[in-house]
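Trainee: Please take me closely through one part of this model and then through what surrounds it.

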Amino acid sequence: MMTEPWSGIFCAEGRPFVKMHGLRNHFVIVDARRDHYAPGKAEIAHVCDVRVGVGGDQLLVVEPSDAADARLRILNIDGREVGACGNATRCVAWLLLEETGADAVTIETRAAMLRCTRQGPREVSVEMGRIEHDWRKFPLAREVDTLDLPLAHGPLAHGVASWVGNPHVTFFVQDLPALDVAALARPVLTDPLFPEQVNVGLGEILGPTRIRLQAYERPGILTGACGTGACAAVRAAQLRGLIGSGPVRVEMGAGAVTIEVDAQGSAVMTGPVATCFRGRLPLYAEGRDERADDRN
């Protein structure tokens, strides 16, 4: 009897995941509300490495919460847990909205409680909370004027430091597409002023309600879109008097989001989500290979 080629290689074992993206910001999402999941640094890197794992910019773990519909852990590829990611929150919110049939859900993150609402079949708004500029939030190595950082790397100067659940510094430039963003941003990301590094955004004002943005994110990734970076850029532009109030379209390499920041600095971000595929993490990605290595 003939069998399907390679049929014995694949099995139903392994932890289920969903891969999604918000403007090509890719995430591997694991539901750990019933089955606890605490991956180590090596496992996170393995899962997120497209050459050997699923591939993603971050690993997202959805956990139970007593105070919200779910708790979201946002894990960078270097194992660092961060407090916020706008694109990630939209993706997880969409999964919860689809699961419950509700029009709004609340997600607990390390940084804040985020209320998320359905805006369309594949579009979600997230109330990102208040954008802050207290130098101790980052933390910075010393007290400085966060609205005009004493920092210059080539053409990048007069940066605005913003806390959106994670640390950002935004510089405004001319002719952004002509710049080598990674080369310019790398020295800022690793500057001694930021002992835990910082996400770097280069923004160009295109009009009273339009900003072009490119983000260089910790630990050193040039991304197609950054939701918290878009919030930081809009608030920084407001504080600099470059734009006014009302909704602002932030255009990034992979698409656009709409950001509205009120007079107190509270931001609402609206943007799309998309599902890539579903599957199961291979058994080696759950630490079995590491234990095997320990025995050798």
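Mentor: Take the second largest cavity, whose lining consists of His168, Val169, Thr170, Asn199, Val200, Gly201, Ala215, Glu217, Cys226 and Gly229. The model is predicted: local features need pLDDT of at least 70 and side-chain atom pairs count only at pLDDT 80 or more, while totals for chains, interfaces and linings use all residues. Residues are numbered from 1 along each chain as its sequence is written, and side-chain values use heavy atoms, with hydrogens and water left out.

A cavity is a set of points, on a 1 Å grid over the protein atoms alone, where a 1.4 Å probe fits but cannot get out; lining residues have an atom within 4 Å of a point. The volume of this one is about 50 Å³, a volume being the space filled by probe spheres set on the points, with grid points joined across faces, edges and corners. Its lining has four nonpolar, five polar and one charged residues. Here Ala, Val, Leu, Ile, Met, Phe, Trp, Tyr, Cys and Pro count as nonpolar, Asp, Glu, Lys and Arg as charged, and the others, Gly among them, as polar. S12, S13 and S14 each supply at least two of the lining residues. Strands (E, at least two residues) and helices (H or I, at least four) are DSSP runs numbered from the N terminus.

Those strands also meet helix H3. The buried residues of H3 pack against strand S12 (167–172), strand S13 (199–207) and strand S14 (210–217), among others, with contact meaning heavy atoms within 4.5 Å. In H3 (residues 181–189), Val181, Ala182, Leu184, Ala185, Val188 and Leu189 are buried. The buried residues line one face of H3, because they fall within an arc of 160 degrees seen down its axis; the arc is that of the directions from the helix axis to the C-beta atoms. Buried means under 20% relative accessible area, exposed over 50%, and partly exposed in between (1.4 Å probe, protein chains only).

A search of the whole structure finds two cavities of 30 Å³ or more. Among the 17 residues lining the largest cavity, Gln58, Asn76, Asn199, Glu217 and Arg218 are the closest to its centre. Asn199 and Glu217 also line the second largest cavity. By class, the lining of the largest cavity has seven nonpolar, seven polar and three charged residues.

A pocket is an open set of grid points with protein on both sides within 12 Å along at least five of seven lines. The second largest pocket holds about 170 Å³ of space. Of its 14 lining residues, Glu81, Gly83, Trp163, Glu196 and Arg218 lie nearest its centre. This lining divides into six nonpolar, three polar and five charged residues.

Last, the packing. A nonpolar core is a set of buried Ala, Val, Leu, Ile, Met, Phe, Trp, Tyr and Cys residues joined through side-chain atoms within 4.5 Å. The largest has 48 residues, of which Val250 and Ile259 touch the most other members. Its largest share, seven residues, comes from helix H2 (residues 86–100). Apart from that core lies another, of 24 residues, which includes Trp163, Leu184, Ala185 and Leu193. Leu184 and Ala185 are among the buried residues of H3, and Trp163 is one of the residues nearest the centre of the second largest pocket.
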